[in-house]
Every structure is written in structure tokens, then in C-alpha cells.
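Me: I've got a model open and I'd like to learn how to read it. Can you walk me through it?

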Amino acid sequence: SISWWILFFGVRQVITFSLALCTQSIIIDFLSLSSKLILKLVGPLITLFLVQSKGWPFIVCVWSILNFCALYGDGPFAA
């Protein structure tokens, strides 16, 4: 129905996109660049890949993962 599409594009996509932006800020800006936590956990090569993916590559990847997780299953949010 039309109400499902309005909720899908007007609410769900906005929420998951905002979460992807917040995830980028936390993982790349704070954990990778401001502290040495990610560097110690995964090493310099993976940290370099994370920092280089800042922007649309990281956002689109995390956004798609969040959308898949939100729409998976038979719960009321996925219906």
C-alpha cells in the first residue's frame, strides 16, 4: 500500500541513513583517527582501508547493512 512506501522512504531510509552517518563518525573519525584503538585491534592495513573509505563508500556499505538488518525477519518493523 501507499502508506508502507511512505514509511519505507520517509522514515526507515532516513533513520538508517542517519545511523550510517553516525557510525562513520564513530568508527572513522573517533576510533580510527582520534584514538589508536582500531590501529591496535586490527592493524595498520585495515585501519588505512577504513580511513580511505571515509565518505560515500563507507556510508553506502553501512547503510545497506543496516537496511538488510532492519528488514530481515518477520518482526513488526520488517513487515
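Me: Let's start with Ser53: which residues does Ser53 touch, not counting residues up to four places away in sequence?

Reply: Keep in mind that this is a predicted model. With neighbours up to four places away left out, Ser53 touches Ile28 and Phe58. Ser53 sits in the loop between α3 and α4.

Me: Is Ser53 buried or exposed?

Reply: The cut-off for buried is under 20% relative accessible area. Ser53 has 18%, so it counts as buried. As for its polar side, a polar atom of the Ser53 side chain lies 2.9 Å from the backbone oxygen of Leu50.

Me: On to helices. How do I read which way the residues of a helix point?

Reply: The general idea: an α-helix has 3.6 residues a turn, so residues three or four places apart point the same way. Now take α4, residues 56-71. Its buried residues are Phe58, Ile59, Val62 and Asn67. Looking down the axis of α4, they fall within an arc of 155°, so they line one face of the helix.

Me: Which exposed residues are on the face of α4 turned away from the buried side?

Reply: That face carries Trp56, Pro57 and Phe68. On the buried side, the cover includes α1 and α3.

Me: How do I check the length of α4?

Reply: Compare its span with the expected one. α4 has 16 residues and reaches 22 Å from first C-alpha to last, close to the 22 Å expected at 1.5 Å a residue. After α4 comes Gly73, with a positive phi near 100°.

Me: And the nonpolar core: which residues make up the largest one?

Reply: In general, nonpolar side chains in soluble globular proteins tend to be buried together. Here the largest nonpolar core has five residues: Ala20, Ile28, Phe58, Ile59 and Val62. The elements giving two or more residues to this core are α1 and α4, and α4 gives the most, with three. For Phe58, contacts beyond four places in sequence are Thr23, Gln24, Ile27, Ile28, Leu50 and Ser53.

Me: Gln24 turns up in that list. Where is Gln24 found, and is Gln24 buried or exposed?

Reply: Gln24 is in helix α1, residues 2-34, and at 9% relative accessibility it counts as buried. A polar atom of the Gln24 side chain lies 3.2 Å from the backbone nitrogen of Gly55. Setting aside neighbours within four places in sequence, Gln24 is in contact with Asp29, Lys54, Gly55, Phe58 and Ile59.

Notes. Residues are numbered from 1 along each chain as its sequence is written. This is a predicted model: local features need pLDDT of at least 70, side-chain atom pairs count only at pLDDT 80 or more; totals for chains, interfaces and linings use all residues. Side-chain values use heavy atoms; hydrogens and water are left out. Helices (H or I, at least four residues) and strands (E, at least two) are DSSP runs, numbered from the N terminus. Buried means under 20% relative accessible area, exposed over 50%, partly exposed in between (1.4 Å probe, protein chains only). A polar contact is a pair of N or O atoms within 3.5 Å; within protein, one must be able to donate a hydrogen and the other to accept it, and residues adjacent in sequence count only if both atoms are side-chain atoms. Contact means heavy atoms within 4.5 Å. The expected span of a helix is 1.5 Å times one less than its number of residues. The arc is that of the directions from the helix axis to the C-beta atoms. A nonpolar core is a set of buried Ala, Val, Leu, Ile, Met, Phe, Trp, Tyr and Cys residues joined through side-chain atoms within 4.5 Å.
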